[in-house]
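Welcome! Please take a moment with the sequence and the 3D view below before reading on.

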Amino acid sequence: MEARKLICRQRQVLFSFFLLGLTLVCAGDLRRYSVVEEKEGRSFVTNLVHDLGLGQLELSRRGAKVVSKGNKLHLQLDQETGDLLLNEKVDREELCGHTEQCLLRFQVLLDNPLDIFQAELEVRDVNDHSPAFLDTEIMLRISESSLPGTTFPLKNAQDMDIGQNGIDNYLISSNSYFHVLTRKRSDGKKYPELVLDRALDREEEAELRLTLTAQDGGSPPRSGTTEVHIEVLDINDNAPQFEQLFYRVQIPEDSPIGLLIITVTATDKDIGVNAEISYSLFQASDDISKTFSIHPLTGEVRLKELLDFEKTQSYEVNVEARDAGTFSGKCTILAQVVDVNDHAPEIVLSAFTNPILENLPETMVAVFSMSDLDSGENGKISCSIQDHLPFFLKPSGENFYTLLTQKPLDRETTAEYNITITVSDMGTPRLTTQHTITVQVSDINDKAPAFTQTSYTLFVRENNSPALHIGTISATDSDSGSNAHITYSLLPPQDSQLALTSLISINAENGQLFALRALDYESLQAFEFRVVASDQGSPSLSSQALVRVLVLDDNDNAPFVLYPLQNASAPCTELLPRAAEPGYLVTKVVAVDRDSGQNAWLSFQLLKATEPGMFSVWAHNGEVRTTRLLSERDATKHRLLLLVKDNGEPQRSASVTLQVLVVDGFSQPYLPLPEVARDPAQGDEDELTLYLVIALASVSSLFLLSVLLFVGVRLCRRARAASLGGCSMPEAHFPGQLVDFGGTGTLSQSYQYEVCLKGDSGTGEFKFLKPILPTFQNHSLGPEMEENPNSRNDWGLGIQLK
């Protein structure tokens, strides 16, 4: 009997000890059951006989009890059948509030022998609450200067349901100014944000009233509405701006009332009244308003109510700064409530390798150990590093970890990594310790220099001074140290005839290019070469770039007169019939310029004439024409001095002297010159010229007549066969070769001229024949550039350009 009493007393002590310190008793596996809220009373949960593997009468024999300490869960155990029932209808929101997963723990106690079974009941949510706004109207004041795309956070609705049955999205009534976006906060709650689609016009519409609808994700969905009253304000210059859009603070849950949490500061670029800022909580919920306060002038946020970590772990406080006008700025304070705990985990670094060579496979970076002075769940530790880093943690024994590289590193992509090792215990709330190590990646020569351009075009003006800096090429190397030290050099040109080393030199250190000697555009218009950029790594890497140098023309050549030849032994005399009409083409001065562009644009000017006003010269084509009818009083011999100028800078020119002889009829090859008033300055020269012309004609007609006749026939045949033009009667070449000139000056194409001495004239006249053109179709240059040889006069002088 005494033994039985002692056993009963021991059982009572053990049972009391279990109720006082339930967490110290080792239980078996945790069983989980679930029910849907709002079920009527005596709803079936489970059958313990089946779950615990007991006999039908063993529950009643062993005095089975269900203990649900610390919650409002009322369970009833039918010991005959083993069914576990709910005593009353369950309301998840009343039991767990906004907790995402509503788990209610209970224990099943069996006596003789003592067994304890841990279990928990999950109360699943149903969509039994509609979203509701705290305010029936939301007032917004929006400036008409707000740009499209501007967002305006709105106060969110409240829904007692959770998960899918919670608030899913927000809608706004149809309008032409706004649409609404559904945003998600850090705590998972969704809030509406009004987005401006089109600029407001206060004069057109001073206020708007919109209906904001909050919908949950239940089936069927529930919704709640509120009215958004938008007042459109007039334009203002600047709105207050906070130093930060987000402030993060941690508040111990045992903080006293009145504790200064943070001071937010906003500034306004305006002055005077518009710069006076007042602070307030923006659309704060009842919970926020009861917990926090803000000083309207200083921006000090203080605690109004004691915190409870088990009730709320974090707060999102929206603060508005408003100036004296209509503008306002907003910021968000993310306040995290910190639970008071004794010890945080510790990290001890045992080994650390730094730096690490790039392009290596898996490499050990660090070895560290972790410890926590706490015990139980608070002493269990987990370890992690940031995501998206090329490193991973590998367990190396109890509470030891090795940090390794996940793949070969690339210094050029990232030269340094800040790795934060985060160690957390398994307590509630979790305490975390972070340790940041900096891993540097050392370089190897794996990147070749890269030019800023694949090709360069440089310009240099001819006649430059020696050692002239004409440009700079540049290359970069993403390596470091000597691997990134670049030197430049020239590649031998592919054209072996180009003496590149005598033209160009390059500074090996900075890539500056210099012209070694003066360049001549007429000899060399352009040339190209390649430049090599090599680094100093081992092995050395290099790349190439093409450099093209274009020589710019200078006006360094004077015009050259093709016709009339100025270096002939006797001057060329042009014949002018006395009956010529005004505008009669006397002759055409043909000149070219070896320069290019506007430096080769030629113009003609009549400087001096025996009788001013009788002749004129066309400035652009060099045609000399009469300006009036000739009379008997006019002199028979005229001397014209023309100037040919280019359009360069500085301008260059050449002078041309023309001799014009007035004759009375075309049947006479030569008429004696009448007496004219002689220019004292030209008397001797004109007389000498006349003698030379007469002598040349006499000698030519007597001595060379037979020889020139034979040679002229042969040359004309050959010229005619080559389609280069020729003489229509026996002739001899003078000066004995073709003269070729490019399409510059007054000529639009390339021409060749042949000067022939007419054979049937007894006066030794010269004939300037048509140009010998390249092989392409003939195109007339215009009536002012062409004279029909079949219609030329008997004086034997004609010019034909095609």
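Here is a short tour, from the whole chain down to single residues.

## Before we start

This is a predicted model, in which local features need pLDDT of at least 70 and side-chain atom pairs count only at pLDDT 80 or more, while totals for chains, interfaces and linings use all residues. Residues are numbered from 1 along each chain as its sequence is written, and side-chain values use heavy atoms, with hydrogens and water left out.

## The whole chain

The protein chain contains 8 helices and 54 strands. Both kinds of element are DSSP runs numbered from the N terminus, with at least four residues (H or I) for a helix and at least two (E) for a strand. Of the 802 residues in the protein chain, 41% are buried. Here buried means under 20% relative accessible area, exposed means over 50%, and partly exposed is in between, using a 1.4 Å probe and protein chains only.

A contact means heavy atoms within 4.5 Å. Among contacts with a separation of 6 or more, 65% are between residues 24 or more positions apart. The protein chain exposes about 43200 Å², with 51% of that supplied by carbon and sulfur atoms; the area comes from the Shrake-Rupley method with a 1.4 Å probe.

## Strands around β23

Two strands pair if DSSP finds at least two bridges between them. Pro-252 has Val-338 as its bridge partner in β23.

Strand β22 (residues 314-322) also pairs with β23, in the antiparallel sense and over 9 bridges. These two strands form a hairpin, with 5 residues between them. Val-319 is opposite Cys-331 of β23, and Cys-331 is buried, with a relative accessible area of 3%.

## Rings and charges

There are 8 aromatic pairs in the structure. Rings of Phe, Tyr and Trp (its six-membered ring) pair if their centres lie within 6.5 Å; planes under 30 degrees apart count as stacked, over 60 as edge-to-face and the rest as tilted. One of the pairs is Phe-242 with Tyr-279, which is tilted because the planes are at 55°, with the ring centres 6.2 Å apart. Phe-242 is in strand β15 (residues 241-242) and Tyr-279 in strand β19 (residues 278-281), 37 residues apart, and both are buried.

Phe-368 and Tyr-401 form a stacked pair, because their planes are at 15°, with centres 6.2 Å apart. Phe-368 belongs to strand β26 (residues 364-371) and Tyr-401 to strand β29 (residues 400-405), so this pair ties together parts 33 residues apart in sequence. Elsewhere, the charged end of Lys-330 sits over the ring of Phe-282, 4.7 Å from its centre. For such a placement, NZ of Lys or CZ of Arg must be within 6 Å of the ring centre and within 35 degrees of the ring normal.

## Backbone details in loops

Which peptide bonds are cis? One joins Ser-538 and Pro-539, with omega about 0°, and Pro-539 lies in the loop between β39 (526-535) and β40 (542-552). Another runs from Tyr-563 to Pro-564, with omega near 0°.

Asn-112 has a positive phi, near 55°, although it is a residue other than glycine. Asn-112 is in the loop between β6 (103-110) and β7 (115-124) and is partly exposed, with a relative accessible area of 40%. Ala-467 also has a positive phi, about 60°, and is exposed, with a relative accessible area of 54%.
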